[in-house]
Amino acid sequence: MSPPPPRLSLCIPTHRRPAELAEAVASGLALRLRPLEILIGDDAPPGDERSADWVARLRPDLPNAVELRYWRHSPPLGQVRNVDALLRASRGAWVCLLHDDDRLVADGIERLLAELERQPDLQAGFGLQRVLLADGRLDPAGAERLNAAYGRVAAAAGRLDAPLLAAIRQQFPNDGWIARGDLVRQLGYRPAAGDAGDFDFGLRLAQHSAAFWYLHQACCDYRVSPVAVSTAQAAQFPLQAYAILDHLACPSRACEIARRERLEAMLAPAAAAALHSGQRRTALRLLLSRRWWRRPRRWPRGVVYLFTLLFTRRC
């Protein structure tokens, strides 16, 4: 007789951060949820065996009803394909994604999963994020600002019957969420989304969901890292997220209003990303759009960007 499927699959993509990976896995092992599977996709370059060696040392000490599955990708898959491979390989009734430099908050995750299991028409859920500084200290003020900026406030707690609205507003976080395993494996990550893979997945998950659940309790520690995808100097997240949102079809007026508001907020960073990466035509299209020039406060920056395009040689 085959064993029951895991109650939760914890997927952790990693890249050259063995110390942070150890913290991420430890936060998963602190969960009282059983059976549990932990999946690690290692994208370290050839010759860097630190994470592989650590996993080998960990295996003999795993608790009962915990399975650790590890893949060493050679050549590396890249962030989006690594996440996609982990999600599709998961076997759990529910799936949680955790970036290798973040940590789960056990009490919050356990309470969130209990709520999802109690209501069969919920497809996914999430909670508050705590902000973890690079040196390991928590930043309560930073967490308050972060959660408020994305609408994770007490008044929003409970059932969200417009999940696409939560995804557009980025109320649904990049990681630390829990979603139904069958739906996660069906959707996966789209390589075409690039650095906006987390955002794109949240939108598509919402489109296939009747409702999300928001728990107004910390479920994940988000580490402010100098090499995070969203803060890397050459990251294309703003441009890729803008393009995804620009083509999104909204089923309600509220979602359409939220989509336009997010496009307004993303426009200047998207133009800057296009300019920085040498995508001159894309930058020019954004700078000459009606959306740019109907806000006078953007005019000075638009002039600077246009002069940059006109008088900077092509690389």
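A residue is called buried under 20% relative accessible area, exposed over 50%, and partly exposed in between, as computed with a 1.4 Å probe and protein chains only. By this scale arginine 294 is exposed, because its relative accessibility is 52%. The structure is a predicted model, in which local features need pLDDT of at least 70 and side-chain atom pairs count only at pLDDT 80 or more, while totals for chains, interfaces and linings use all residues. Residues are numbered from 1 along each chain as its sequence is written, and side-chain values use heavy atoms, with hydrogens and water left out.

Helices (H or I, at least four residues) and strands (E, at least two) are DSSP runs, numbered from the N terminus. β2 covers residues 36-42, and seven of its seven residues are buried. In a regular strand the side chains alternate between the two faces of the sheet. On one side of β2 lie Leu36, Ile38, Ile40 and Asp42, on the other Glu37, Leu39 and Gly41, and all are buried.

Two strands are said to pair if DSSP finds at least two bridges between them. β2 runs parallel to strand β1 (residues 8-14), to which seven bridges join it; leucine 8 has leucine 36 as its bridge partner there. Strand β3 (residues 66-72) also pairs with β2 in the parallel sense, again over seven bridges, and leucine 39 is partnered by arginine 69 of β3. Helix α1 (residues 18-29) forms a right-handed β-α-β unit with β1 and β2, and helix α2 (residues 50-58) forms a right-handed unit of this kind with β2 and β3. Right-handed here means that, with the strands pointing away from the viewer, the path from the first strand over the helix to the second runs clockwise.

A further strand, β6 (residues 124-132), is largely enclosed by the rest of the structure, because eight of its nine residues are buried. Nine bridges join β6 in parallel to strand β9 (residues 212-223), where phenylalanine 126 stands opposite tyrosine 214. With strand β8 (residues 178-180), β6 pairs in the antiparallel sense over two bridges.

Among the helices, α8 has ten of its eleven residues buried. In helix α9 (residues 237-246), the buried residues are Pro238, Leu239, Ala241, Tyr242, Ile244 and Leu245. These buried residues pack against several helices, including α8 (197-207) and α10 (253-276), where contact means heavy atoms within 4.5 Å.

A salt bridge is a side-chain nitrogen of Lys or Arg within 4 Å of a carboxyl oxygen of Asp or Glu, and a search of the whole structure finds 27 of them. One of these joins arginine 91 to glutamate 37, at 3.6 Å from N to O. The two residues are 54 residues apart, with arginine 91 in the loop between α3 (79-89) and β4 (94-97) and glutamate 37 in β2. Arginine 91 is partly exposed because its relative accessible area is 39%, whereas glutamate 37 is buried at 0%. Arginine 294 forms a salt bridge with glutamate 264 (3.2 Å, N to O). This pair too links distant parts of the chain, from the loop between α12 and α13 to helix α10, 30 residues apart. Glutamate 264 counts as buried, because its relative accessibility is 12%.
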